[in-house]
Amino acid sequence: MDSLQIGTYTFSSRLILGTGKFSSAQVMLETLRASGTKLVTVALRRFNRERPGDDLFTPLSAMAGITLMPNTSGASTAAEAVQAARIARELSGSPFIKVEIHPNPQHLMPDPIETYEASKILAKEGFLVMPYIPADPVLAKRLEEAGCASVMPLGSAIGSGQGLATAEMLRIIIRESNIPVIVDAGLRSPSEAALAMEMGCSAVLVNSAVAVAGNPPAMAEAFAGAVEAGRKAFRAGIMEKSGTAVATSPLTTFLGPAS
Amino acid sequence: MPDQQNMITIQLNGEPGTLPEGSSLEDLLAIIGSEGKTMATLVNDLIVRPENRAGCTIQAGDRIELLIFAGGG
């Protein structure tokens, strides 16, 4: 598969994984290995000495070839997200930041205005800004102009497994974008990841679909295969749909009528 | 270790806590048993880098945040 380029970084995998909802850190690490992912998102949380196993920095740093993309989840304003991003960069040393601002826990929809404001500030500070956004082509273009490294529109609500409910808007965003478009959130099964890649997405970000699967490492492998297949199909050039049948075999008679 | 007699009250990750007067941020990390873990430290919303923790003396009423990377999507 051709590599994914974000800023000056190159990744051999187009599958980005989240690290939430896994039954244990061990299962999460096995899943990352099985997926072949090179870019992984993590959240900033308060240290709790009753739960020392929450700390993922040490085990993730020990994995070769993994780049961290901290996220700003928990922020409900641009100011909170900017502060979280600065703290995350101190901790990770990574320039990547997933700007994630969703003030309403009922639907977890990203706040486009706060996300735009935070992204603009962070891009100026030299971050590789990866904003999680509603599938809005105008917002995506504005974020590109503000210096974001990619845009990450949602397929459907976080953790909903409703797939590519925003497909038609995603097509417009992909067509108009000069930066990588990464579908983030809502994917339930590998076929949806393949479809997103066939549409021309540069990558997909998956968390719940893998983490809550019966066998997370096996599901991660399945997603990796689907992402690769979808990417290859996109590059190979997918045939146009036709409103009518178009014969694949000659329709001329070559056997005479039975006598 | 500073004199245990004189304690100050601080806010640690949003909860009230006490600390011997004169303690540094590095002392605090040792007291709560978190030394060796990779975490970000903030005092009154300002990031304090690891190399500056020993020289950062905690004052009464300081708001201290200790943050780690945890699972998230």
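**Close-up views around strand E4 of chain A**

**View 1. Strand E4(A) and strand E5 (residues 63-71) of chain B pair in the antiparallel sense over five bridges.** Strands are DSSP runs of at least two residues and helices (H or I) are runs of at least four, numbered from the N terminus; two strands pair if DSSP finds at least two bridges between them. Within this pairing, Leu44(A) has Phe69(B) as its bridge partner in E5(B), and Arg46(A) stands opposite Leu67(B). The structure is a predicted model, in which local features need pLDDT of at least 70 and side-chain atom pairs count only at pLDDT 80 or more, whereas totals for chains, interfaces and linings use all residues. Residues are numbered from 1 along each chain as its sequence is written, while chains are lettered from A and ligands numbered from 1 in the order in which they are written.

**View 2. The contact between the chains takes 28 residues from chain A and 20 residues from chain B.** Residues are in contact if their C-beta atoms, placed from the backbone, lie within 7 Å. On the side of chain B that touches chain A, strand E3 (40-43) and E5 of chain B each supply at least two residues. E5(B) gives the most to that side, with seven residues. By class, the side of chain B that touches chain A has ten nonpolar residues (Ala, Val, Leu, Ile, Met, Phe, Trp, Tyr, Cys and Pro), three charged residues (Asp, Glu, Lys and Arg) and seven polar residues (the others, Gly among them).

**View 3. Strand E4 (residues 39-46) of chain A is flanked within its own chain by parallel partners E3(A) and E5(A).** Strand E3 (residues 15-18) pairs with E4(A) over two bridges, and Gly18(A) has Thr41(A) as its bridge partner. Strand E5 (residues 67-71) of chain A pairs with E4(A) over five bridges, with Leu68(A) as the bridge partner of Val40(A). E3(A), helix H1 (residues 25-35) of chain A and E4(A) form a right-handed β-α-β unit; right-handed denotes a clockwise path from the first strand over the helix to the second, with the strands pointing away from the viewer. Because six of its eight residues are buried (20 or more other C-beta atoms within 10 Å of a residue's own), E4(A) is largely enclosed by the rest of the structure.

**View 4. Val206(A) touches Leu15(A), Leu17(A), Leu187(A), Ala193(A) and Phe223(A), not counting residues up to four places away in sequence.** Val206(A) is also among the members of the largest nonpolar core, of 98 residues, that touch the most other members, together with Val129(A), Ala193(A), Val204(A) and Phe223(A). Helix H3 (residues 78-92) of chain A contributes the largest share of this core, eight residues. A nonpolar core is a set of buried Ala, Val, Leu, Ile, Met, Phe, Trp, Tyr and Cys residues joined through C-beta atoms within 7 Å.

Note on methods:
Buried ≥ 20, exposed ≤ 12 C-beta atoms within 10 Å, placed from the backbone. Contact = placed C-beta atoms within 7 Å.
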